[in-house]
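Good morning, and thank you for coming. Please look at the structure that I am about to show, and keep it in view while I speak.

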Amino acid sequence: MEFGIQLGNMEPAQYRANAQAAEALGYDLIVFPDHLVNEGPERQYDPKSLAYDHIVMAAAVIEATKKIRVGHLVLCNLFRHPAITAQSLMTLDRLSGGRLVAGLGTGWTETEFKMSGIAFPPITERLRMLDEAMTCILSLWKNERTTFDGEFYHFKDAILWPKPIQQPHPPIILGGGGKGLLRLAAKYADYINIIPDAGKRGHISMEVVKRTTDDSFREKVRFVREEAKRLGRKPDAIRVSNFIFSTIIADSREATRKTAEMMAPMFGQTADDLLASPMMLIGTAQELIVELKRRAKDWGTSQVIFTGEVAQNEKLMRKLREDVLAHV
């Protein structure tokens, strides 16, 4: 099992400090979001939330660390032409000595596109764009020259040198929850990070969050693996990544129950549903150990990425690592 943290909404010095702390504690991976606006459920956002360029911040963290893997969860395909994405990620892979994890997605936060004037096509078109972008990026990383004449992207004898250190390419992680994205993961991904589907709506809907359950997560894993098999890939070639939005280490079983009962109405769920929600991890250290092992067994998860306060606070990061993750 691999464990990572997602860093965001902090000043550059804190990125470096938290990355170094994560590496020293034995975490496997640091990832960054890719947004102009850090938007929560139902389009809520703080206009003063910090949104640095996370390709630049990835480079800063790479320079501040020595062995931990670094990547994105996930880069927005609409923000960059695939030639630039291929070049940026190749540069990060070489800068890191081969530690890059290449994370990509369609883009989903409609607010940031409306405010910037960047085109935000319907999800079906964005999925076709990502499909073509992945084809072009992989070709640029592998081949001496790339020629491609697609619906959205057009290359003629395009070159990229040098190539990434990791061959045939850096590990690819695709993030999302809709069937279209899951199909692309079956085609291209080494990891699929399954989250509530926001692509079609253009925002995180509490109704969709409510429907993100143990059963729905398991069904999406099954769908990806069946699609992979249909495409001629080994179903288990795609590793399952679980993104945890909120982690609470309780002092007792009674505190676990009380916390779940208090939080459940906000998500329109029962306390039991919340405790089993793929987005949450609530319990005593021992309960969390048991739950993470259950997810590995029932869902096939082999990577867990934590965000929120546990990634911002070194003390909590240490407690999670030493009391829970070291025993999974």
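Which residues does Ala311 touch, not counting residues up to four places away in sequence? Ala311 touches Ile5, Gln6, Leu7, Met10, Asn18, Phe306 and Met317, where contact means heavy atoms within 4.5 Å.

Before I continue, a word on the source. This is a predicted model, in which local features need pLDDT of at least 70 and side-chain atom pairs count only at pLDDT 80 or more, while totals for chains, interfaces and linings use all residues. Residues are numbered from 1 along each chain as its sequence is written, and side-chain values use heavy atoms, with hydrogens and water left out.

Ala311 lies in helix α12; helices (H or I, at least four residues) and strands (E, at least two) are DSSP runs, numbered from the N terminus. At 1% relative accessibility, Ala311 counts as buried. Buried means under 20% relative accessible area, exposed means over 50%, and partly exposed lies in between, with a 1.4 Å probe and protein chains only. The C-alpha atoms of Ala311 and Lys48 are separated by 20 Å, and these two residues are 263 residues apart along the chain.

Let us turn to the interior. In soluble globular proteins, nonpolar side chains tend to be buried together. A nonpolar core is a set of buried Ala, Val, Leu, Ile, Met, Phe, Trp, Tyr and Cys residues joined through side-chain atoms within 4.5 Å. The largest nonpolar core here has 79 residues, and those that touch the most other members are Leu7, Tyr27, Ile30, Phe32, Trp141, Leu174 and Phe306. Helix α5, residues 123-142, gives the most to this core, with 11 residues. A second, separate core of 11 residues includes Ala198, Met263, Ala264 and Leu274.

Trp141 deserves a moment of its own. Not counting residues up to four places away in sequence, the contacts of Trp141 include Ala86, Leu89, Met90, Leu160 and Pro170. Gln167 is also among the residues that Trp141 touches, and a cis peptide bond with omega of about 5° joins Gln167 and Pro168. Pro168 is placed in the loop between β7 and β8. Pro162 is found in the loop between β7 (154-158) and β8 (172-176), and the peptide bond from Trp161 to Pro162 is cis, with omega near 5°.

Next, the aromatic rings. How many aromatic pairs does the structure hold? The structure holds 5 aromatic pairs. Rings of Phe, Tyr and Trp (its six-membered ring) pair if their centres lie within 6.5 Å; planes under 30 degrees apart count as stacked, over 60 as edge-to-face and the rest as tilted. The pair of Phe79 and Phe113 is tilted, because the ring centres are 5.5 Å apart and the planes stand at 35°. Phe79 lies in the loop between β4 (75-76) and α3 (82-95), and Phe113 lies in helix α4 (residues 110-116), so the pair ties together parts that are 34 residues apart in sequence. Phe79 is partly exposed, with a relative accessible area of 23%, whereas Phe113 is buried at 2%. Ring pairs link Phe79, Phe113 and Phe120 into a cluster.

Phe243 and Phe245 form an edge-to-face pair, at 4.8 Å centre to centre and with 80° between the planes. Phe243 is buried, with a relative accessible area of 7%, while Phe245 is partly exposed at 33%.

Finally, two backbone details. Phi of Glu42 is near 55°, a positive value in a residue other than glycine. Glu42 sits in the loop between β2 (29-32) and α2 (54-64) and is partly exposed, at 37% relative accessibility. For Asp157, phi is near 50°, again a positive value in a residue other than glycine. Asp157 lies in strand β7, and is partly exposed at 43% relative accessibility.

Thank you for your attention.
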